[in-house]
Amino acid sequence: MAKARRSNDWGFPRWRGYEAGREAATIRLCDRHGCEEAGDCPAPKAPNNPERWYFCQTHAAEYNRKWDYFEGLDKEEKAARTKAEQSETAGYAEAQHYGWASSGDGSRSPDELRALEILGLEADADFAAVKKGWRDKAKQVHPDVKPGDAEAAAEFQKLQVAYEVLKAAEERREWRG
């Protein structure tokens with residue numbers, strides 16, 4: 001009589017992969033003619049059609065490159081669809097203090113980038129550099145330094161607004177437990 005052996009499938013974790021059995025695994029090939037890669041990326045054959053193409057990652061990226069979600073809609077329908085989808089996904093919005101991993105990683109808003117440009121700073125400037133740049137520029141055009149100069153007063157207001165935008169962004173980024 002054969003001795004009982006331990007199976008690889010008992011308990012957790014499984015000691016073999018889920019498709020590592022001895023039987024052949026069925027793999028769907030890419031639907032692009034002549035491609036021998038696995039077709040594991042579904043793509044619609046037509047809008048609002050349940051039929052799908054199954055492409056490899058390379059051909060799926062090529063297929064989706066020029067995809068326009070709002071194709072065939074006029075301005076009002078496009079705005080209505082955008083608003084509806086934003087309201088549906090509003091519950092999944094990321095918390096604002098997780099807005100960036102570090103400065104200059106491409107996640108600053110256009111307003112913040114314009115404010116940095118007004119202050120003459122790079123996109124990856126930290127808040128200490130923002131504060132120093134604002135002080136240096138504000139000292140040159142402050143209304144107390146140049147009384148009666150309307151151009152200097154307008155420039156000072158631009159600097160003030162830019163600083164306030166960056167300060168508000170920094171406060172949103174800081175987590176205050």
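These notebook entries follow what I looked up in the structure, from the overall fold to single residues.

**Entry 1: ground rules**

I note that this is a predicted model, in which local features need pLDDT of at least 70 and side-chain atom pairs count only at pLDDT 80 or more, while totals for chains, interfaces and linings use all residues. Residues are numbered from 1 along each chain as its sequence is written, and side-chain values use heavy atoms, with hydrogens and water left out.

**Entry 2: the elements**

I looked up the secondary structure and found five helices and two strands, where helices (H or I, at least four residues) and strands (E, at least two) are DSSP runs numbered from the N terminus. Read from the N terminus on, the order of the elements is β-β-α-α-α-α-α.

I then asked what share of the protein counts as buried. Of its 177 residues, 17% do; buried means under 20% relative accessible area, exposed means over 50%, and partly exposed lies in between (1.4 Å probe, protein chains only). The areas themselves come from the Shrake-Rupley method with a 1.4 Å probe, and for residues only the protein chains shown count as cover.

**Entry 3: the largest nonpolar core**

I looked for a nonpolar core, which is a set of buried Ala, Val, Leu, Ile, Met, Phe, Trp, Tyr and Cys residues joined through side-chain atoms within 4.5 Å. The largest one has 14 residues, and L116, L119, V130, W134, V141, L159 and L166 are the ones that touch the most other members. Helix 3 (110-119), helix 4 and helix 5 (150-173) each give at least two residues to this core, and helix 5 gives the largest share, six residues.

**Entry 4: salt bridges**

Side chains of opposite charge can pair when their charged atoms come close. I counted a salt bridge where a side-chain nitrogen of Lys or Arg is within 4 Å of a carboxyl oxygen of Asp or Glu, and the search of the whole structure gave eight of them.

I took the pair E62 and R32 to begin with, where the closest N and O atoms are 3.1 Å apart. This pair links distant parts of the chain, since E62 sits in helix 1 (residues 57-64) and R32 in the segment before strand 1 (41-44), 30 residues apart. E62 is partly exposed because its relative accessible area is 37%, and R32 is partly exposed because its value is 30%.

Next I looked at D111 and R114, whose side chains meet in a salt bridge at 2.2 Å, N to O. Both residues lie in helix 3, three residues apart, which is about one turn of the helix. D111 has 45% relative accessibility and so counts as partly exposed, and R114, at 48%, therefore counts as partly exposed.

Which residue forms a salt bridge with E112? I found R173 there, with the closest N and O atoms 2.5 Å apart. The two come from distant parts of the chain, E112 from helix 3 and R173 from helix 5, 61 residues apart. E112 counts as buried because its relative accessibility is 5%, and R173 counts as buried because its relative accessibility is 15%. I also noted that E112, E170 and R173 are linked in a network of salt bridges.

**Entry 5: a positive patch**

On the surface I found K131, R135, K139 and K167 gathered in a patch of positive charge. Such patches are made of residues with over 30% relative accessible area and no salt bridge, with like charges joined within 9 Å; Lys and Arg count as positive, and the place of a charge is taken as NZ of Lys or CZ of Arg. Helix 4 (residues 127-141) gives the largest share of the patch, three residues. K131 is placed in helix 4 and counts as partly exposed because its relative accessibility is 31%.

Is A60 buried or exposed? A60, which lies in helix 1, counts as buried because its relative accessibility is 8%. The C-alpha atoms of A60 and C41 are 6.4 Å apart, although the two residues are separated by 19 residues along the chain.

A43 lies in strand 1 and counts as buried because its relative accessibility is 2%.

How values were computed
Patch = residues over 30% accessible without salt bridge, like charges linked within 9 Å, V, L, I, M, F, W, Y side chains within 5 Å.
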